[in-house]
Amino acid sequence: MIKGWGRGTVALLAAVAMAGAAGCSGETEAGAKPAASTAAAKKPGKPVKTQWDESMEWWATHDLGCVDGATVTANPEGCAVRVQDYVDDVRKIRKAMNGDTTAPAGFYSEAYVIIDRLEKYAGTPAGESDTQGWLAARPLIWMQGQALGKWIAAHPLQ
């Protein structure tokens with residue numbers, strides 16, 4: 001054994017072990033803020049139907065005929081972006097369904113099938129800049145959005 005290393009090494013290892021154990025205990029400091037996920041989990045979100053209704057109310061006043069399949073001659077690129085925005089709104093509804101703690105197991109299964117079909121059609125364009133791909137897919141995307149709206153209206157959980 002090398003002289004002088006015994007006590008110093010043991011003391012150092014003990015200090016490191018105590019610091020590591022204190023950091024792994026899961027306790028937070030008195031002044032630390034709780035994690036955002038903890039705070040968000042405590043606050044219930046809006047019901048899925050309310051979120052859908054609000055989104056569709058916005059689209060009814062802002063779409064100007066693009067997403068619902070009207071002919072597009074003036075601004076095809078803008079319309080393609082609108083279709084992508086519509087798909088993003090449906091994705092938000094899926095996220096709301098996933099986070100709905102009041103829904104019994106399997107409640108949203110049929111809605112997920114509809115959203116999956118919408119996602120399939122949204123996956124046909126070759127990227128965000130594929131204007132013609134988005135315009136070609138929009139009637140199918142719109143049709144699935146309408147089917148989802150009917151499902152949500154017929155199955156109001158809250």
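Biologist: Which residues have the most contacts inside the largest nonpolar core?
Modeller: W52, Y86, M97, I141, L148 and I152, in a core of 27 residues. A nonpolar core here is a set of buried Ala, Val, Leu, Ile, Met, Phe, Trp, Tyr and Cys residues joined through side-chain atoms within 4.5 Å. Buried means under 20% relative accessible area, with a 1.4 Å probe and protein chains only.

Biologist: And what am I looking at, before I go on?
Modeller: This is a predicted model, where local features need pLDDT of at least 70, side-chain atom pairs count only at pLDDT 80 or more, and totals for chains, interfaces and linings use all residues. Residues are numbered from 1 along each chain as its sequence is written, and side-chain values use heavy atoms, leaving out hydrogens and water.

Biologist: Which element gives the most to this core?
Modeller: α4, with eight residues. The elements giving two or more residues are α3, α4, α5 and α6. Helices are DSSP runs (H or I, at least four residues), numbered from the N terminus.

Biologist: What does W52 touch?
Modeller: Leaving aside residues up to four places away in sequence, W52 touches Y86, V90, I93, G145, L148, G149 and I152. Contact means heavy atoms within 4.5 Å.

Biologist: New topic: how do α4 and α6 cross?
Modeller: Their axes come within 9 Å and cross at roughly 35°. The axes are lines fitted to C-alpha atoms over the stretch in contact, with angles from 0 to 180 degrees between N-to-C directions.

Biologist: What kinds of residues make up that contact?
Modeller: The contact of α4 with α6 has 15 nonpolar, four polar and two charged residues. Ala, Val, Leu, Ile, Met, Phe, Trp, Tyr, Cys and Pro count as nonpolar, Asp, Glu, Lys and Arg as charged, and the others, Gly among them, as polar.

Biologist: How many aromatic pairs does a search of the whole structure find?
Modeller: Seven. Rings of Phe, Tyr and Trp (its six-membered ring) pair if their centres lie within 6.5 Å; planes under 30 degrees apart count as stacked, over 60 as edge-to-face and the rest as tilted. W59 lies in helix α3 (residues 48-62) and Y86 in helix α4 (residues 76-98), so the pair ties together parts 27 residues apart in sequence.

Biologist: Is Y86 buried or exposed?
Modeller: Buried, with a relative accessible area of 0%. W59 counts as buried too, at 5%.

Biologist: Which residues form an aromatic cluster with Y86?
Modeller: W58, W59 and W142.

Technical notes: Buried < 20%, exposed > 50% of the residue type's maximum accessible area, 1.4 Å probe, protein only.
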